[in-house]
Amino acid sequence: MRRIYSVCLLVATGVFLCGCPKSNSDFDEGKKAEAIEDYDTALVHYETALRAAPTNAEYKLRTAHMRFTDGQYHLEKGEKALQAGDLQLAATEFKRAQSVDPSNAAADQELKKALDLIAAKTAAANSAMAPTAEAGDEELLAGPPQLKPLSREPINLKSTNNSRQIFEAVARLAGLSVSSWTSASPWSCRM
């Protein structure tokens, strides 16, 4: 009887030990990196551990948490750089936050803001260095181009013909020629 108990105990212990997850060195390294606030390294180790054991719920949770934490860390660094006036570093940090945690909408907004500030600063620097425009250039840059129609008379069409003849009539009035390659192809206009 005692032998049966010892065999059952041995089998239960074996089943228990086989069912327990083995310690993953990448996961342990991730914990160490997280403890010293090296979030980039911790995320890399947690992702490696998760790839080794994709069904491990603890690895999934730690990876998701570290993705959020690392994204927030880079977002805060970007905001500090933005306040200090270092726009390039701020944009780099916001891009990093965006790549680490794509669901972080604040990183998207701050990146857009930083890029707009960089563009404004570049435009201001370029306008200060640009030579003054000549009199003829001012007229060209005054507004959008104006189209000059061939005729200002209204076009009145009354037709019971097929669409090809209508297109040809409108094209003649506009100074264009209409042709079709095949009966199934769309119309093309040429000047």
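I began with the crossing of H2 and H3, which is left-handed, a term I use when the near helix is turned anticlockwise from the far one by less than a right angle, clockwise being right-handed. The model is a predicted one, in which local features need pLDDT of at least 70 and side-chain atom pairs count only at pLDDT 80 or more, while totals for chains, interfaces and linings use all residues. Residues are numbered from 1 along each chain as its sequence is written, and side-chain values use heavy atoms, with hydrogens and water left out.

The axes of helix H2 (residues 25-35) and H3 come within 8 Å and cross at roughly 160°; axes here are lines fitted to C-alpha atoms, for helices over the stretch in contact, and angles run from 0 to 180 degrees between N-to-C directions. That angle makes H2 roughly antiparallel to H3, since angles over 145 degrees count as roughly antiparallel, under 35 as roughly parallel, 65 to 115 as roughly perpendicular and the rest as oblique. I then listed the residues that meet, contact being heavy atoms within 4.5 Å: on the H2 side they include Phe27, Gly30 and Ala33, and on the H3 side they include Ala42, Tyr46 and Ala49. By class, this contact of H2 with H3 has six nonpolar, four polar and four charged residues, where Ala, Val, Leu, Ile, Met, Phe, Trp, Tyr, Cys and Pro count as nonpolar, Asp, Glu, Lys and Arg as charged, and the others, Gly among them, as polar.

Next I followed H3 on to H4. The axes of helix H3 (residues 39-52) and helix H4 (residues 57-84) come within 9 Å and cross at roughly 155°, and H3 and H4 are therefore roughly antiparallel. Among the residues making the contact are Leu43, Tyr46 and Leu50 of H3 and Thr63, Met66 and Tyr73 of H4. I counted nine nonpolar, three polar and six charged residues by class in the contact of H3 with H4, and I noted that the crossing of these two helices is left-handed.

Leaving aside neighbours within four places in sequence, threonine 63 is in contact with Leu43, Tyr46, Glu47 and Leu50.

I moved along to H4 and helix H5 (residues 87-100), which pack at an angle of about 165° with their axes 8 Å apart, so that H4 and H5 are roughly antiparallel. Their crossing is left-handed, and the contact includes Gly71, Leu75 and Gly78 of H4 together with Leu87, Ala90 and Phe94 of H5.

Asparagine 104 lies in the loop between H5 and helix H6 (105-129) and is buried, with a relative accessible area of 8%. Not counting residues up to four places away in sequence, asparagine 104 touches Gly71, Gln72 and Leu75. Asparagine 104 is also 36 residues from phenylalanine 68 in sequence and 8.1 Å from it in space, C-alpha to C-alpha.

Last, I checked the whole chain, which has eight helices and two strands; these are DSSP runs numbered from the N terminus, helices being H or I of at least four residues and strands E of at least two. Buried residues make up 23% of the 191 residues in the protein chain.

Methods
Buried < 20%, exposed > 50% of the residue type's maximum accessible area, 1.4 Å probe, protein only.
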